[in-house]
Amino acid sequence: IVPYMDMVRVGGDLSIVGIPPNEQAPSININTIPYNKRIWRSLIGGIPETQEVMDYSLQHGIYPMTVLIPADQVNEAFENVVDGEVHFRYVMDMKTL
């Protein structure tokens, strides 16, 4: 985050959408105080930003890696996520409820 804060003008803002790794999590930096720089954080973007990402992905053939699971496997899937065994997104098939 520090290299990006160095690029922000005096009185400027840095907006972060999403959660960076813990070692990169924004915190008050001595460089931000005398220059009135602000850091804004959001776990997710808004609807326009989400649509922009979706459009970009479609235009460039970028698709998520997903695994479709029936509803009765949600607890097992959750445990796999907690144990760090997942490198994709689970999608629950709502027809199986």
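How many helices and strands are there in the protein chain? The protein chain of this predicted model has three helices and four strands, where helices are DSSP runs of H or I with at least four residues and strands are runs of E with at least two, numbered from the N terminus. Read from the N terminus on, the order of the elements is α-β-β-α-β-α-β.

Residues are numbered from 1 along each chain as its sequence is written, and side-chain values use heavy atoms, without hydrogens and water. Local features need pLDDT of at least 70 and side-chain atom pairs pLDDT 80 or more, whereas totals for chains, interfaces and linings use all residues.

Of the 97 residues, 15% are buried, that is, under 20% relative accessible area with a 1.4 Å probe, counting protein chains only. The accessible surface is about 8,200 Å² by the Shrake-Rupley method with a 1.4 Å probe, and carbon and sulfur atoms account for 59% of this surface. Where contacts (heavy atoms within 4.5 Å) link residues at least 6 apart in sequence, 56% join residues at least 24 apart.

Lys37 lies in the loop between strand S1 (13-17) and strand S2 (38-42). Lys37 is buried but has no salt bridge, defined as a side-chain nitrogen of Lys or Arg within 4 Å of a carboxyl oxygen of Asp or Glu. The nearest side chain of opposite charge, Asp6, is 5.0 Å away. The side chain of Lys37 does reach the backbone oxygen of Val8, at 3.2 Å.

On the surface, Val74, Met92, Met94 and Leu97 form a nonpolar patch with about 390 Å² of accessible area together. Such a patch joins nonpolar side chains within 5 Å, from residues with over 30% relative accessible area and no salt bridge. One of its members, Met94, is in the segment after strand S4 (89-93).

Terms used. Buried means under 20% relative accessible area, exposed over 50%, partly exposed in between (1.4 Å probe, protein chains only). Lys and Arg count as positive and Asp and Glu as negative; His and the chain ends are not counted. A polar contact is a pair of N or O atoms within 3.5 Å; within protein, one must be able to donate a hydrogen and the other to accept it, and residues adjacent in sequence count only if both atoms are side-chain atoms. Patches are made of residues with over 30% relative accessible area and no salt bridge: like charges are joined within 9 Å, nonpolar side chains (Val, Leu, Ile, Met, Phe, Trp, Tyr) within 5 Å.
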